[in-house]
Amino acid sequence: MLNPQRIQSHGKPEVTLTFTKKPLGIGLVPSTQLYGAWEVGHAPKEFPELEIGDVLLAVNENASVNRMDVSSFRAFIARLPCPLTITFRKPRLYGHCDSHTTATALFPQSFEYTQFMRGSTRHGRASALQWKQSLAHEDSKTKLPAKGYSSIGDIVYTFKSKAIGIEFAPSTRLYGSLEIESIDSKDVEAILHPGDVLLALNDSVAAKWTHSDLEHHLQTTTAPFKMTFRNPRLHLQYLRRHFEAPNLASTSVSRAMFPATNEYKKLQSTGPEVASRNEWHTAHAKLRQNNWLAYYDKSVILKKNHVHILSAALPPHVQCSNWKLLFTTQSHGFNMTTFYHRTQDKGPTIVAIKDSTGQVFGAFSPSSLRHTRQVYGNGRTFVFKHSTIYSWSGIDTNFIYGGPNRSIIWGGGTSGLALCLELDEGRGFTQPCLTFDSPPLTEPPEFECWAVEVWGFEGLKV
């Protein structure tokens, strides 16, 4: 079925394959990465170059495939004669843009980003090696530099000549476009460190400079001159010390809201009356009147207006994909193990919740849901209530993570959690949240689940 010619070897962040026969035998699903619309969901075992999760970049060097919906892309592939070439990028080598470390990657290769680019300035892109070096600097166990650095991690170094002895590379940091790759001068090496980000040259801000901008300014600047750098490890330490919320964003808050005591359970008996789950068949009968159910699986939570509003807020590459019901408490029960099992490696999802008082709310996750205390997701994550969408504020990056008692949490920061769901207990709570600049999604903020659904998006086979 497949007969790709190997064009690039293992270890490369990108691989281009030539296919001589159709069907190609590849399954594609909506991508969780910022720089692509489709990624591999099924790869033939006989071709180890292609792995699940590899992101499709171009077909016959045509990158417009990332702007096509399912039907357009299928028709595009059908029209192309064989042989055809397809280029894939390996996030494992290039850098995960849906991970917490690079959630706000400086220059994501996405068509959403490029349409906002101004002017003709072309910034260099950090290579796969540069990403690895940046992560190595972060994970380094060596003692943090201190000599000459300010409390926020900045340092000003005076160069007496234009032979500064520093090699620069594209930075992976949001606050600068160039960082030190290597140092040839022993005097400079005693003060500065690889990974330090260039901020300024004398009084000129250098945070958005390209290599050519830096060369131009160095040529027109007379020695001696001053350059300001920022050490990412020291700066991150400063941010955590002064702005990171204490460990209340998951464990402590969740346990405070839901103490595992008999007194708490007795108090719950005076709360809102929980609707009987036997009413689902009645809800189904009513929802059959909604036109959208002719195209999608039946929902006991979402109505036609919900679907229209949520669809408009989705990333462009999944807006035209068919919705697929992955999990529903009606069929699968209030069980977190089943929840994660049925959503594992399914790509972007919408979690829709209806509480015992009839309020509808939930969250969109741009990457596959998983139980981990580490933060994942990216700036495409959002929460919603009824007809209102709360997108990423750009301030806090606690997108999605696991909490105590196998709960799942969206949002964090100093103000509170946007949404905490304890599915095993059929309950949760919501608070004002800095991540999405959102108010509580329900009133009162503690809720009892009437039903929970997880919706994914269908891929395609080519």
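Tutor: Start with a term. Buried means under 20% relative accessible area, exposed means over 50%, and partly exposed lies in between. Keep in mind that this is a predicted model.

Now the pairs. Side chains of opposite charge can pair when their charged atoms come close. A salt bridge here needs a side-chain nitrogen of Lys or Arg within 4 Å of a carboxyl oxygen of Asp or Glu. By this rule there are 6 salt bridges.

Take Arg230 and Asp154. Their side chains meet in a salt bridge, with 2.7 Å from N to O. The two residues come from distant parts of the chain, 76 residues apart. Arg230 sits in strand 12, residues 225-230. Asp154 sits in strand 7, residues 154-159. Is Asp154 buried or exposed? Its relative accessible area is 15%, so Asp154 is buried. Arg230 has 14%, so Arg230 is buried as well.

Next, look at Arg89 and Glu14. Their closest N and O atoms are 2.4 Å apart. Arg89 is buried because its relative accessible area is 3%. Glu14 is at 25%, so Glu14 counts as partly exposed.

Then find Glu422 and Arg427. They form a salt bridge too, and their closest N and O atoms are 3.9 Å apart. Both residues are buried.

Salt bridges can also join up. Glu51, Asp54 and Lys90 are linked in a network of them.

Glu167, Glu181, Asp184 and Glu189 form a negative surface patch. Residues in such a patch have over 30% relative accessible area and no salt bridge. Pick out Glu181, which lies in strand 9, residues 178-183. Its relative accessible area is 33%, so Glu181 is partly exposed.

Finish with a residue of another kind. Val454 lies in strand 22, residues 446-457. Its relative accessibility is 0%, so Val454 counts as buried. What is Val454 in contact with, leaving aside its neighbours within four places in sequence? Its contacts include Lys324, Leu325, Phe339, Thr349 and Val351. Lys324 is 130 residues away along the chain, yet the C-alpha atoms of Lys324 and Val454 are separated by 8.6 Å.

Note on methods: Residues are numbered from 1 along each chain as its sequence is written. This is a predicted model: local features need pLDDT of at least 70, side-chain atom pairs count only at pLDDT 80 or more; totals for chains, interfaces and linings use all residues. Side-chain values use heavy atoms; hydrogens and water are left out. Patches are made of residues with over 30% relative accessible area and no salt bridge: like charges are joined within 9 Å, nonpolar side chains (Val, Leu, Ile, Met, Phe, Trp, Tyr) within 5 Å. Accessible areas come from the Shrake-Rupley method with a 1.4 Å probe; for residues, only the protein chains shown count as cover. Lys and Arg count as positive and Asp and Glu as negative; His and the chain ends are not counted. The place of a charge is taken as NZ of Lys, CZ of Arg, CG of Asp or CD of Glu. Helices (H or I, at least four residues) and strands (E, at least two) are DSSP runs, numbered from the N terminus. Buried means under 20% relative accessible area, exposed over 50%, partly exposed in between (1.4 Å probe, protein chains only). Contact means heavy atoms within 4.5 Å.
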